[in-house]
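Here are a few exercises on helix packing, chain contacts and charge pairing. Try each task with the coordinates open, then compare your steps with the worked solution.

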Amino acid sequence: MICAVAQPGHGDLAPGGDDMTDQATPIALEDTKPARRAGRPSRHLTGWLLASPLVVVLAVFLVLPIAMIVMVSFWGATEWSIYPAFQFDNYAFLFGSDVTYRVFFNTVKYALITWAFTLLIGFTVAYFLAFHVRSLGWQVGLFLVCTIPFWTSNIIRMISWIPFLGREGLANSALLSWGVIDKPLEWLLFSDFSVILAFVHLYTLFMVVPIFNTMMRIDRSLLEAANDAGATGRQTLWHVIVPLTKPGIMIGTIFVVTLVMGDFITVRFMSGSQKANVGRLISNDISLLQYPSASATAVVLLITVLIVISVLLRFVDIRKEL
Amino acid sequence: MERPPRSFYVLAVFFAVFLVFLYGPTITIAILSFQGPQGGLTFPMRGVSLHWFFDLFEQQAVGDIWGSFRRSFALGLMVMVTTVVVSVMGGMAFRKRFAGSTVLFYLIITSLVIPSILISLGVGLIFSQAGLNVHWSTSGFGSQLTWTLPFGLLIMFAVFNRFDSSYEEAARDLGASPWQTVRHVVLPIIAPSLIGVALFGFTLSYDEFARTLLTAGSYNTLPLEIFGMTTNVTTPVIFALGTLTTAFSFLVIGAFILLFWIMGKRRARQGSDAGQGMV
């Protein structure tokens, strides 16, 4: 996604440069020149100095909070306060409860279903933009139209489903007036259906953008070669385009899966608090001031997410795809 | 000119349906926010009025909408500027291939994929254990950076991956100091991408919810305020607010895109303006 945003500007940076080779150059190969002059600080020192603001932010607001959560997950809690301790009660309780397994199952279910839908829709949309829209102006324009909602509020995009899905909403009244149903469907809002619908609505563009970005880099002569070799459109799609698009699909998958697994607000809002995922388990504990228990759940969630990511990262080198 | 194949039309229809799916709900609440004073949260429209927009400006409206808007706006600007500066520096740092950069890279990825509620919880815990008060401009600010910085940095990595370093070599050969090279060559060349970084920084902060939830303290940002309203407001006033803030987002996005476009035009006319400052 990121690259595509930067793309319109880069054309004029490397006049005559071949985009394919330029873009395939990873950061690693960038700085091969011996720029060091006598008396200059080493590149390691300069690097760390330049990165120091970033390091400070990540240390204070990412690493330290994670360490804190891990620590507090061993603490104890009374009804109104928490106290330092080193006990496994929180984990014992977490793993001893049926609720945990059901909620984790639900979280994985949401992630898988959302992933399947966002992938299908995202791939089709990106495929249309990359291979069927011929002029670059239209491509950029339509691509922007697809990405703009990403920069608007998720909460409002969730709220805006209510007039559609409610008992007296647009969907029900339309179905009623067409005679498809004779009483309003109850499962449209505050159900698994509405939760997944909202996820797909919110996160499909996280698939569209990286897939589109990868597709735009596919050398068009490969498609011609497939065509000349007698491949049908379908065969070209399946045997040429899909394999070459895999890195984009992986990046989109990382975004969608982690966003859905870590979510708590969409599930709470779109299910009317009737469904649960791990994020909601944590946020419920937080609202009851049970921070140690919330922390233990958070640690398990974090480990789960990181395992999923490390598996996905085996299939794609993010640095190379930027 | 060859006619597009049949698949083009099928896909075009699919794309159009996707756009309706993407924008339909937002347009619906925009229409519904013009409900008459008797109107409810769904169709039919009971008259057309600006009643609910006026309601937003009145004192008895729930919470402190305008205060939260001001806070979100200020926070958005703070996050935007910080994201641009830190991302550019970070992007340059990674070009140096310094020892330990791989670890830092994976930390950035972690920052991107970590469930937001963990940041909220962790930062909230640190502040409460340290006896500090959480506030949108301190804990909220830092928490939002963990979300905006990865985007900014990934953009910068993409930009520097495509950066033609012969421009820098040319500057060095002409006797420019490292700082002059950055100031008069590198920065002007990457300027358009910085608009992209700024856009991400501002809008992601302005709409951020989960990471600000436990870190904003007693003064809400706008998304927190809106979420609070969803639990106790049952009138179209919430649609009016949603419409206004979405319109504001569109305005901001439009402004950034326009700026980007103007810069591109100017550049096309003048060629590279790198080095202008040295005259």
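The exercises below go from helix pairs to the chain contact and the salt bridges. This is a predicted model, in which local features need pLDDT of at least 70 and side-chain atom pairs count only at pLDDT 80 or more, while totals for chains, interfaces and linings use all residues. Residues are numbered from 1 along each chain as its sequence is written, chains are lettered from A and ligands numbered from 1 in the order in which they are written, and side-chain values use heavy atoms, with hydrogens and water left out.

**Exercise 1.** Describe how H6(A) packs on H13(A).

Step 1: Find the helices, which are DSSP runs (H or I, at least four residues; strands are E, at least two) numbered from the N terminus. H6 covers residues 98–132 of chain A and H13 covers residues 233–262 of chain A.

Step 2: The axes of H6(A) and H13(A) lie 9 Å apart at an angle of about 135°.

Step 3: Classify the angle: under 35 degrees is roughly parallel, over 145 roughly antiparallel, 65 to 115 roughly perpendicular and the rest oblique. H6(A) and H13(A) are therefore oblique to each other.

Step 4: Assign the hand, left-handed if the near helix is turned anticlockwise from the far one by less than a right angle, and right-handed if clockwise. H6(A) and H13(A) make a right-handed crossing.

Step 5: List contacts (heavy atoms within 4.5 Å). Among them are A:Trp115 and A:Phe123 in H6(A), and A:Ile249 and A:Val256 in H13(A). The contact of H6(A) with H13(A) has 15 nonpolar residues (Ala, Val, Leu, Ile, Met, Phe, Trp, Tyr, Cys, Pro), 5 polar (the others, Gly among them) and no charged (Asp, Glu, Lys, Arg).

**Exercise 2.** Work through two helix pairs of chain B.

Step 1: Survey the chain. Chain B has 10 helices and 0 strands, and its C-alpha trace spans about 75 × 70 × 40 Å along its principal axes.

Step 2: Take H3(B) (residues 65–95) and H8(B) (residues 178–207), whose axes come within 8 Å and cross at roughly 140°. Their crossing is right-handed, and their contact holds 18 nonpolar, 6 polar and no charged residues.

Step 3: Turn to H1(B) (residues 6–32) and H10(B) (residues 237–270), with axes within 8 Å and a crossing of roughly 125°. H1(B) and H10(B) are therefore oblique, and their crossing is left-handed.

Step 4: Residues that meet here include B:Tyr23 and B:Ile29 in H1(B), and B:Phe239 and B:Phe250 in H10(B). By class, the contact of H1(B) with H10(B) has 6 nonpolar, 3 polar and no charged residues.

**Exercise 3.** Characterise the contact between chain A and chain B, then locate a salt bridge.

Step 1: Count residues: 112 of chain A are in contact with 108 of chain B.

Step 2: Compute buried area (accessible area, 1.4 Å probe, that two parts lose on being put together, summed over both). Chains A and B bury about 9,700 Å² between them, 79% of it on carbon and sulfur atoms.

Step 3: Search for salt bridges (a side-chain nitrogen of Lys or Arg within 4 Å of a carboxyl oxygen of Asp or Glu).

Step 4: A:Asp192 forms a salt bridge with A:Lys109, with the closest N and O atoms 3.0 Å apart. A:Asp192 lies in H11 (residues 192–216) of chain A and A:Lys109 in H6 of chain A, so the pair ties together parts 83 residues apart in sequence.

Note on methods:
Axes fitted to C-alpha atoms, helices over the stretch in contact; angles between N-to-C directions.
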